[in-house]
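Hi,

Here is the structure I said I would pass on.

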Amino acid sequence: MSLIHLENLSKQFKILNRREGLSGAFRDLFSGDYRTVEAVAGVSFDIEAGEIVGYIGPNGAGKSTTIKMMTGILKPSGGTLLVNGLAPYDNRIRQAQIMGVVFGQRTQLWWDLPVIESFKILKEIYKVDQKMFDRHMDMFNELVGLKSLHSQQVRTLSLGQRMLCDITASFLHNPQVVFLDEPTIGLDISVKAKIRSVIKELNREHNTTIILTTHDLGDVEALCQRIIIIDKGRILYDGDIKRVNALFGAYRTLKLQINNFSETILQTLKSKLIECFGAEHGITIAENEEFWTDVTIDQARTPLSDVLSFVMNNFPVIDVRIVEISMENVVRKVYDGALK
Amino acid sequence: MRAYFAMMRGAYMIGLVYRFGFLFNIAGNLIYMSVTYFLWRSIYQNRETLRGLTFNETYIYVALGSAVFILLKTYVDWQMSFDIREGNIATYLSKPVDLQLYELFTSLGFFLMSLSAITIPTIFLLIFVFRIEVPLGIGLAIFPFSLILAYLLSFCFDYFIGLLGFYTESVWGLSITKEIIITVLSGALIPLQFFPDAIQKILLWLPFQAIYYTPLTMVAQPDLGWGTFLPMLGVQLFWVIALFALTRLFYTQAVKVLRISGG
């Protein structure tokens with residue numbers, strides 16, 4: 001039997017329809033005007049022990065809600081959810097013993113205490129014996145170099161240091177499954193790389209199952225063999241990362257800032273690019289933010305450098321940025337049938 | 001259980017981090033004690049007793065009341081409401097701990113901190129600076145037990161308000177209301193003897209008086225004897241058990257409506 005089993009899992013929230021302004025706020029006091037929001041709408045999947053699964057989707061897709069149900073914090077509205085054969089919500093305290101959780105936007109450490117004190121409290125909470133605790137601490141020191149941080153108060157840590165400590169803490173009791181909810185949010189490239197290698201190492205060491213939600217497709221590429229894409233509470237894709245990789249691996253978005261930008265320039269850009277690279281060039285153009293024009297390029301079909309030099313030579317470009325394709329674009333492409 | 005003691009120890013250490021706050025608390029308390037001293041001195045002018053209480057008894061009651069007041073504030077309601085709004089509650093619920101015991105032992109850490117930093121210094125002030133003669137009697141010996149029960153009761157009320165935060169998110173108004181009700185009806189400001197007889201009778205049937213009136217009376221009038229004190233302790237114990245059970249029951253309902261926004 002699989003370690004985590006979800007079948008047609010759903011979660012609805014009742015939300016008060018709030019009205020505008022002060023008078024609206026007063027009327028809300030006596031309002032019974034609720035709407036139901038379906039955060040998770042019938043999700044099914046199975047996860048085996050030892051897997052690293054990327055659970056991704058745009059903001060508000062239902063990722064965190066699913067995680068919070070799997071960790072026993074939220075009660076599912078419907079469907080079946082079993083972790084290690086038990087329903088997490090009904091056996092919260094027992095199940096918490098075999099799970100580790102990192103919520104990237106908050107810390108599980110004691111804000112005002114030195115790092116080591118938090119670890120000691122967690123050691124007691126999870127009933128980790130001294131020998132195992134020492135072994136873990138040694139291993140983490142080797143991996144992350146945490147020893148220098150031990151006497152520092154958690155609130156004086158940088159975001160990256162805090163996240164490394166938080167991840168360390170979630171593995172302290174050698175859990176069967178660890179949920180990492182946005183572990184790299186707001187971190188710079190080098191810290192991200194370190195966190196990825198630590199996660200990989202921890203997974204290898206104890207065969208820990210890891211479920212990772214992230215906005216950063218780089219995390220997914222670096223860590224996961226399997227990926228589940230969710231949007232609007234429904235699963236869009238569940239399978240090998242290689243097929244999805246082709247979707248976002250080869251795509252780059254060229255962001256251009258053009259002098260004296262206008263609608264006519266946009267039209268000229270479009271027609272000239274089609275003229276030059278052909279209609280089936282794998283290029284899409286969109287004006288997403290003010291002053292920036294996005295040209296998304298499929299590198300498998302058109303070399304990025306060709307497009308870049310063409311644009312630079314023919315348009316008064318002020319600024320250029322090259323970015324990896326965003327989560328939203330991947331989801332849009334999946335909707336458009338790219339994986340069918 | 002070791003887990004909860006570890007959390008208590010942690011909370012005590014956090015209290016130490018903010019140790020300067022206690023200096024201001026002691027200073028503030030000193031001013032309050034001086035004001036009440038002169039206030040009650042003038043009330044008792046030319047009078048031996050008021051409603052059966054001597055000046056000494058009333059002043060011990062009121063002054064100790066102000067120290068106990070700081071001690072029995074758990075702030076659990078504020079803390080829980082903050083954690084629910086910020087979503088931190090998710091990290092507590094993801095650990096193998098019982099929320100009620102987690103909140104209790106964390107607040108006990110702060111309780112021990114303020115006990116050692118405020119209450120005990122205040123008692124020294126009472127005895128050595130204000131030269132109040134603390135009458136000796138069995139009440140004094142029972143007082144610590146009564147105080148612990150009073151703390152547990154105060155915790156239950158704060159935890160209850162904190163749980164309401166699952167529904168309302170912010171508990172600002174509820175907390176203030178609770179604070180006023182408890183302060184007035186528990187005899188925290190003036191001994192219950194000063195209330196009209198009919199109201200006194202009603203108040204003795206409510207749980208509030210077990211928080212302040214019971215432990216403070218034990219020190220102010222320590223010679224009332226076992227016949228008075230044992231039933232008082234019994235009533236305290238009854239309310240502690242009842243309110244602990246009720247809030248536990250309420251938790252299972254409240255946690256169902258939990259919604260955690262933002263990540």
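A:Leu6 has A:Leu81 in β4(A) as its bridge partner. Helices and strands here are DSSP runs (H or I of at least four residues for helices, E of at least two for strands), numbered from the N terminus. Strand β1 (residues 4-16) of chain A runs antiparallel to β4(A), and five bridges join them; I call two strands paired if DSSP finds at least two bridges between them. They belong to an open, antiparallel sheet of three strands in the order β2-β1-β4 (chain A). Its edge strands, each pairing on one side only, are β2 (34-47) and β4 (78-83) of chain A. From one strand to the next the twist averages 30°.

Before going on: this is a predicted model, where local features need pLDDT of at least 70, side-chain atom pairs count only at pLDDT 80 or more, and totals for chains, interfaces and linings use all residues. Residues are numbered from 1 along each chain as its sequence is written, with chains lettered from A and ligands numbered from 1 in the order in which they are written.

Chain A also has an open sheet of six strands with mixed pairing, in the order β5-β6-β7-β3-β8-β9. β5 (99-103) and β9 (234-240) of chain A are the edge strands, and neighbouring strands are turned by 15° against each other on average, direction ignored. Inside this sheet, β6 (residues 177-181) and β7 (residues 209-214) of chain A run parallel, joined by five bridges; A:Val178 has A:Ile210 as its partner. Helix α2 (residues 63-70) of chain A lies across β3, β6, β7 and β8 of chain A, at about 150° to β6(A). Axes are lines fitted to C-alpha atoms (for helices, over the stretch in contact), and angles run from 0 to 180 degrees between N-to-C directions.

Now chain B: α6 (residues 99-129) and α7 (residues 138-168) have axes that come within 11 Å and cross at roughly 125°. That makes α6(B) oblique to α7(B) (under 35 degrees is roughly parallel, over 145 roughly antiparallel, 65 to 115 roughly perpendicular, the rest oblique). B:Leu104 and B:Phe111 are among the α6(B) residues that meet B:Tyr151, B:Phe155 and B:Tyr159 in α7(B); contact needs C-beta atoms, placed from the backbone, within 7 Å.

Finally, the interface: 24 residues of chain B are in contact with 28 residues of chain A. On the chain B side, α1(B) gives the largest share, eight residues.

Cheers

Key: Two residues are in contact if their C-beta atoms, placed from the backbone, lie within 7 Å.
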